[in-house]
Amino acid sequence: MTTRLKAAHSRTVNVSILLAIVAIFASIFPLDAFSQNRANSSPATAKSDDAAGKYTGPGSCASTTCHGSIVPRSDNRVLQNEYSIWIVKDKHSKAYAALTGPIGERMAKILGIGAAETAPRCLACHALDVPQSERGRTFELSEGVSCESCHGPAAGWLGPHTERDWTHQKSLALGMYDTRDLTKRSEKCLSCHLGSDEKSVDHEMIAAGHPDLFFELDTFSDVMPRHWKEPGEPGEAAGTDPWYNVRELTSGQAVQLRQSLLRLASRSHGKIWPEYSELQCYACHHSLTPPEQSWRQARGYPGRRPGNPPWNPSRYAVFRDVVRQLDGENAEKLDSELSRLGQLMSQLNPDRDAVATSATNSAHLADELLAKMNSASYDPMITLHLLQAISADADDISGQGEHSAAQAAMAIQSLFLAYERNEKLQNSEQLRVAIKGLFQELQNPSAYDPARFASQMKQVNALLR
Ligand code: HEC
Ligand code: HEC
Ligand code: HEC
Ligand code: HEC
């Protein structure tokens with residue numbers, strides 16, 4: 001029995017993303033050699049098809065003079081090689097193909113939903129599954145998560161957006177989605193990377209083979225990789241904010257917490273309850289050891305009956321330290337509401353109404369804090385303090401499970417990179433190695449050991465003093 005559950009984890013967490021994160025940490029992607037694998041079309045001009053709100057497909061953006069340049073253009077603040085990056089390096093262009101692969105097909109079979117590539121339940125996140133009436137002539141479902149999945153239907157602004165003196169505001173009025181706004185951007189990513197009422201990855205789907213979903217805006221944007229210049233980069237005229245990545249982290253954390261709480265509130269009144277994917281995976285999925293070797297028994301079961309699976313608080317683990325640094329007053333309110341929620345969720349059959357109320361209250365608090373994260377000003381001192389605070393929280397965070405540890409590793413790396421971009425740290429090389437060590441502790445999630453992770457975090461912390 002134990003080996004059965006143990007076998008589950010090695011396949012569960014998408015280790016590849018962790019490897020990708022470490023890889024970008026080592027080298028910030030050289031944007032040179034792109035394949036010639038580009039569609040050769042020019043912007044759609046068909047009159048009947050250019051109504052605002054219609055989706056045209058990525059081919060409309062792919063011309064070399066538009067967004068399909070092989071190399072980034074230096075004479076413009078827009079890089080113009082967005083299509084080339086997307087088709088070659090960005091997994092979103094392969095999202096539809098994932099449904100037709102062996103794992104996708106098997107999942108669909110287990111779930112009894114017909115072919116995955118025709119199942120609305122899968123297409124919701126793996127393609128741009130919009131109603132037929134919104135599909136333009138050049139639209140193809142098989143293009144996966146494409147430009148318009150994030151930027152909105154292009155038909156309205158495709159023609160005019162290249163005009164001289166055209167503004168972002170005008171595009172927004174014609175149906176473009178405002179990905180420049182950090183809150184809206186996070187919400188867009190999380191609609192698929194966390195899920196929503198309409199599209200969801202639950203334990204049933206995970207047990208059928210879907211990777212578990214986790215997210216951190218700044219890190220995942222790097223891994224994508226980014227096809228845009230950031231406000232901190234040289235040559236970016238749209239504004240300069242050298243600490244922009246810190247804002248991306250703090251605001252992304254707030255949105256992530258809020259959205260996950262709203263989803264918990266609605267799941268609490270769903271058909272399946274308790275929903276296992278809201279709990280700590282490795283509380284159930286781990287191998288057993290002799291009592292004298294069990295860190296779980298050595299730790300005890302604070303705040304819950306021994307053997308109850310605990311709530312997964314990973315979407316709060318890092319944000320908690322961020323809020324303490326940036327807004328001490330509200331930190332306590334949020335903390336007491338979430339510890340109440342954690343206790344409710346760590347009972348065997350959590351009280352649905354109490355969970356809904358507590359999750360909704362917490363979501364409101366997270367929303368208030370989001371405004372503060374967006375408007376706060378960030379600088380080297382704050383960034384360093386955030387790094388110190390998160391790494392000093394080693395025992396608490398590591399005790400909250402592997403998912404919380406992964407959030408801490410991503411946040412620490414992200415803040416470190418933001419700091420390094422602007423200031424020099426004396427022991428930068430040692431820090432780099434110590435941070436890499438955090439990711440190494442996560443590579444086999446079923447063997448995750450909180451004591452080892454905590455000690456690695458403490459090493460990072462010691463180097464920051
Ligand atoms: C809520 C959005 C959502 C839904 C619904 C969804 N997926 Fe996914 N899927 C994702 C995301 C996001 C990833 C990437 C996860 C990561 O790497 O962090 C993914 C990854 C995958 C992968 C792994 C791809 C790879 O390259 O390793 C497969 C296979 C997959 N999904 C199949 C399916 C199937 C089949 C369905 C329908 C039964 C489905 N998905 C429904 C969001 C979703
Ligand atoms: C997974 C989401 C996603 C996909 C898919 C995507 N983008 Fe983006 N794109 C973004 C985000 C986020 C930004 C940064 C915010 C911004 O500038 O709007 C961005 C920025 C851009 C910019 C710079 C805009 C500016 O004013 O600086 C261009 C141009 C662009 N994308 C074009 C494309 C094209 C063309 C495609 C398809 C080949 C595409 N994007 C696919 C999310 C996406
Ligand atoms: C419409 C749904 C959707 C949206 C919106 C979306 N993603 Fe994704 N994303 C996916 C799916 C599905 C995959 C898995 C693709 C695959 O592996 O075949 C994925 C994969 C990724 C990966 C690769 C993960 C890995 O395992 O290597 C990164 C990084 C990523 N997304 C970042 C982002 C960011 C950042 C945003 C917002 C700017 C975003 N995504 C918006 C659906 C989406
Ligand atoms: C309350 C206990 C519990 C929690 C929490 C839980 N699971 Fe499961 N999981 C199970 C059980 C029971 C099965 C069915 C095992 C079987 O049939 O052998 C299962 C099956 C699975 C399987 C398929 C088994 C296999 O060998 O491939 C995967 C993968 C999985 N879970 C991943 C997860 C992930 C990821 C999470 C957290 C997001 C999670 N589980 C949370 C109890 C749990």
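## Around ligand 1

Ligand 1 is surrounded by 27 residues, and the closest are A98, A116, C122, C125 and G195. A residue counts as near if its C-beta atom, placed from the backbone, lies within 6 Å of the molecule. The shell holds 17 nonpolar, 8 polar and 2 charged residues. Here Ala, Val, Leu, Ile, Met, Phe, Trp, Tyr, Cys and Pro are nonpolar, Asp, Glu, Lys and Arg are charged, and the others, Gly among them, are polar.

This is a predicted model: local features need pLDDT of at least 70, side-chain atom pairs count only at pLDDT 80 or more, and totals for chains, interfaces and linings use all residues. Residues are numbered from 1 along each chain as its sequence is written, while chains are lettered from A and ligands numbered from 1 in the order in which they are written.

Domain 1 (1–29 + 181–465) and domain 2 (32–177) both contribute to this shell, so ligand 1 lies between them. The domain bounds come from an automatic or database assignment.

## Around ligand 3

Ligand 3 has 24 surrounding residues, with I17, A98, C189, C192 and V223 the closest. Helix α10 gives the largest share, 6 residues. Helices are DSSP runs (H or I, at least four residues), numbered from the N terminus.

## Nonpolar cores

The largest nonpolar core has 71 residues. Such a core joins buried Ala, Val, Leu, Ile, Met, Phe, Trp, Tyr and Cys residues through C-beta atoms within 7 Å; buried means 20 or more other C-beta atoms within 10 Å of a residue's own, all placed from the backbone. Helix α21 (residues 402–422) gives this core the most, 11 residues.

Definitions and conventions: Helix = DSSP H or I, 4+ residues; strand = E, 2+ residues; numbered from the N terminus. Buried ≥ 20, exposed ≤ 12 C-beta atoms within 10 Å, placed from the backbone.
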